[in-house]
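Student: I'd like to learn how the words used for a protein structure are backed up by values. Could we go through one together?
Tutor: Happy to! Here it is.

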Amino acid sequence: YLGEEFLEIPLPKIKAILSSDELNVQSELVAFDGMLKWVKHDLKNRSESLAELLNLIRLNLLTVEDLIEKIECEPLIMANAECNRILHNVKNHHLMPHKRRFVKLHGVPTNSDRSPESASGLTLCSSAAVLTLKESS
């Protein structure tokens, strides 16, 4: 359940959450779901940030199947040219491992270190998965 408090977080804080190595998620799909719900909560004012926020999701950690079936088919993603470009680059990264050093993931984080053992603070649930962020002082 994503509470009202999460949905009201300002853009700079949502960017900090999504880019944090201390974000604890079972799958990057949880981070994507949270980001998408945040955008949809105030679509008129937040839709312009969609590609920037999608770039903060570690899409390279998802399977090509998840990219196609759960992210690419989302209507807001489909309607956004920059989001389509991001997904195209990530799929190429997956599908052409022999050319990975030449397929640049413009802005897509590649660090897989999200620290579940040290995470605390903000907790978000999406389906059975939990998303937490350790608060910085």
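Student: Why is cysteine 73 called partly exposed?
Tutor: Keep in mind that this is a predicted model. The relative accessible area of cysteine 73 is 41%. Buried means under 20% and exposed means over 50%, with partly exposed in between.

Student: Where does cysteine 73 lie, and which residues is it in contact with, leaving aside its neighbours within four places in sequence?
Tutor: You'll find cysteine 73 in the loop between helix 6 and helix 7. Apart from those neighbours, cysteine 73 is in contact with Ile68 and Met78.

Student: Let's look at helix 6 (residues 64–72). Which of its residues are buried?
Tutor: Asp66, Leu67 and Ile71 are buried in helix 6.

Student: How do you know that the buried residues of helix 6 line one face?
Tutor: Look down the axis of helix 6: the buried residues fall within an arc of 100°, so they line one face of the helix. On the face turned away from this buried side, helix 6 carries the exposed residues Glu65 and Glu69.

Student: What do the buried residues of helix 6 pack against?
Tutor: They pack against helix 3 (28–41), helix 5 (50–54), helix 7 (75–78) and helix 8 (81–95).

Student: What makes helix 6 roughly antiparallel to helix 8?
Tutor: These two helices pack at an angle of about 160°, with their axes 10 Å apart. Angles over 145 degrees count as roughly antiparallel, so helix 6 is roughly antiparallel to helix 8. Helix 6 passes helix 8 in a left-handed crossing.

Student: Which residues make that contact?
Tutor: From helix 6 come Val64, Leu67, Ile68, Ile71 and Glu72, and from helix 8 come Leu87, Val90, Lys91, His94 and Leu95. Of the residues in this contact, seven are nonpolar, one is polar and two are charged.

Student: What puts the buried residues of helix 2 on the same side of that helix?
Tutor: In helix 2 (residues 11–19), the buried residues are Ile14, Ile17 and Leu18. They cover an arc of only 95° around the axis, which puts them on the same side of helix 2.

Student: And for the protein as a whole, how many helices and strands are there?
Tutor: There are eight helices and three strands. Of the 137 residues in the protein, 45% are buried.

Conventions:
Residues numbered from 1 in each chain as written. Predicted model: local features only at pLDDT ≥ 70, side-chain atom pairs only at ≥ 80, totals over all residues. Heavy atoms only, no water. Buried < 20%, exposed > 50% of the residue type's maximum accessible area, 1.4 Å probe, protein only. Helix = DSSP H or I, 4+ residues; strand = E, 2+ residues; numbered from the N terminus. Arc of directions from axis to C-beta. Contact = heavy atoms within 4.5 Å. Axes fitted to C-alpha atoms, helices over the stretch in contact; angles between N-to-C directions. Parallel < 35°, antiparallel > 145°, perpendicular 65-115°, else oblique. Left-handed = near helix turned anticlockwise from the far one by under 90°. Nonpolar A, V, L, I, M, F, W, Y, C, P; charged D, E, K, R; others polar.
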